[in-house]
Amino acid sequence: MSDRSRLSLVVWSVLVSQVFLYPGLDETVSALGGSESILAGTWFLVAEFGAFVLCAVLWGVASDSLGSRTPLVVLGATGGAVSYLAVALAPHVSLGFGVVLLLRVVGGAFTIGAFSLSITMLMDLSGGHGRNMGAAGTAIGLGAALGSVVGGQLTTVDPLAPLYGGAILLGGSAALAATIPDGSAGGGLPVDTVVDRVRSYPTLLVPFAFGYIDRLTAGFFALTGVAYFRDTFDIDAATAGFTLALFFVPFAVLQYPVGSLSDRIGRFLPVVVGSLLYGVTIIAVVLSPTYVAAAILMVFVGVCGALVSPTTMALVTDIVPATERGAAMGGFNVFGSLGMLSGFLIGGTVTELYGYLPAFLVAGGLEVAIAALAFQPVRRITGSDTRLSHGLGDN
């Protein structure tokens with residue numbers, strides 16, 4: 001098995017372990033001692049992603065400074081596995097929901113290391129930035145697709161089963177990561193040098209902004225989207241998982257070809273046009289009169305999302321040299337995790353106060369807004385240099 005395939009499997013495993021929890025979130029949170037309101041589920045997810053925000057760059061800077069990534073991926077996946085198991089066992093040892101949230105924070109601090117650095121190791125490979133980030137995007141999408149379907153089924157068996165399943169997958173990903181050669185560039189740089197160099201690339205804020213909004217919509221669908229389908233169309237957790245998969249399957253399948261295509265035609269059209277269409281289709285979902293119509297639109301949401309995800313990650317790789325990729329991808333994942341947090345909080349809060357329609361309008365409207373506001377900056381980045389525009393070769 002190639003290094004690209006093994007790294008993609010690590011990324012896939014981390015995503016599956018997370019998404020296992022989404023379709024039956026209400027049941028899982030209730031079994032762990034939380035209330036049945038949407039806000040209890042919000043805080044359960046926020047606890048993990050808050051740690052992602054705090055720790056993503058730290059893992060990246062550490063890997064750039066050490067000049068090594070593989071041991072850190074193994075450590076992150078192992079710590080995540082232990083934390084998932086601890087959360088699953090919490091009700092059996094009479095630990096309250098507050099302790100569960102603390103365990104989620106600890107788990108998030110470890111898991112983001114495995115996730116962010118395995119993507120960074122994909123960035124280190126040769127073969128085209130779009131192609132490598134397309135592989136990462138496909139792993140993310142397939143992980144989310146399988147996780148949503150299987151997670152819903154596991155919840156119907158036992159509301160804690162998704163946590164046990166996540167622990168097993170993370171443990172397996174740690175073992176797999178240990179077999180992957182470390183391909184990071186050079187023997188490492190001092191921490192202050194890494195930070196200063198990454199700060200010298202202000203254009204990184206452009207893909208970071210897209211990453212923020214794109215993950216916001218993912219967080220929105222994971223919490224509010226699932227709640228919307230279950231409440232509006234009276235479906236169970238298994239059907240909700242299937243509905244999420246209608247988004248994630250095309251999102252996954254198309255990422256590798258879209259990433260490879262962007263190596264040839266440039267990043268501009270997939271990023272900007274994809275974001276615009278993505279926002280419009282999100283809004284269309286909540287306007288659908290029937291479950292069937294809304295479910296079909298979820299497929300189109302996935303197609304549009306696949307245009308954006310690999311190309312924004314490829315832009316990060318285009319902009320920075322190999323010696324700072326860990327910190328740069330850590331920064332991208334900080335913005336992405338902030339986006340997931342915002343998606344949970346905005347979706348949950350707006351829904352609680354105003355209902356589902358305004359919540360969907362906000363999420364879709366933000367995606368349209370970033371496409372409009374970042375039109376010129378993306379054109380400048382992708383059009384300023386042939387190599388940046390096509391993402392050929394390695395820096």
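Predicted model: local features only at pLDDT ≥ 70, side-chain atom pairs only at ≥ 80, totals over all residues.

Q: Is R69 buried or exposed?
A: R69 has a relative accessible area of 1%, so it is buried. R69 also forms a salt bridge with D64, and their closest N and O atoms are 3.0 Å apart. With a relative accessible area of 4%, D64 is buried too.

Q: How many salt bridges are there?
A: The count comes to 6. Some link up: D263, R267 and D318 belong to a network of salt bridges.

Q: Which residue forms a salt bridge with E27?
A: That's R230, with 3.1 Å between the closest N and O atoms. E27 lies in helix α2 (residues 25–31) and R230 in helix α9, so this pair ties together parts that are 203 residues apart in sequence. As for accessibility, E27 is partly exposed, at 29% relative accessible area.

Q: What does the salt bridge between E48 and R104 tie together?
A: Their side chains meet at 3.4 Å, N to O. E48 sits in helix α3 (residues 38–66) and R104 in helix α5 (residues 97–124), so the bridge joins parts that are 56 residues apart in sequence. Both E48 and R104 are buried.

Q: Now for the nonpolar side chains. Where do they tend to be?
A: In soluble globular proteins, nonpolar side chains tend to be buried together. Here, the largest nonpolar core has 108 residues, and Y22, F44, I119 and F344 touch the most other members. Helix α9 (residues 205–233) gives the largest share of this core, 13 residues. The core also takes at least three residues from each of domain 1 (1–185) and domain 2 (189–383).

Q: Which residues is I119 in contact with, leaving aside its neighbours within four places in sequence?
A: Look for V11, M133, A136, I140, M313 and M329.

Q: Which residues form a nonpolar patch on the surface?
A: V292, I296, V299, F300 and V303 do, and together they have about 410 Å² of accessible area.

Note on methods. Residues numbered from 1 in each chain as written. Heavy atoms only, no water. Core = buried A, V, L, I, M, F, W, Y, C linked by side-chain atoms within 4.5 Å. Buried < 20%, exposed > 50% of the residue type's maximum accessible area, 1.4 Å probe, protein only. Helix = DSSP H or I, 4+ residues; strand = E, 2+ residues; numbered from the N terminus. Domains from an automatic or database assignment. Contact = heavy atoms within 4.5 Å. Patch = residues over 30% accessible without salt bridge, like charges linked within 9 Å, V, L, I, M, F, W, Y side chains within 5 Å. Areas by Shrake-Rupley, 256 points an atom, 1.4 Å probe, with all protein chains shown as cover. Salt bridge = Lys/Arg side-chain N within 4 Å of Asp/Glu carboxyl O.
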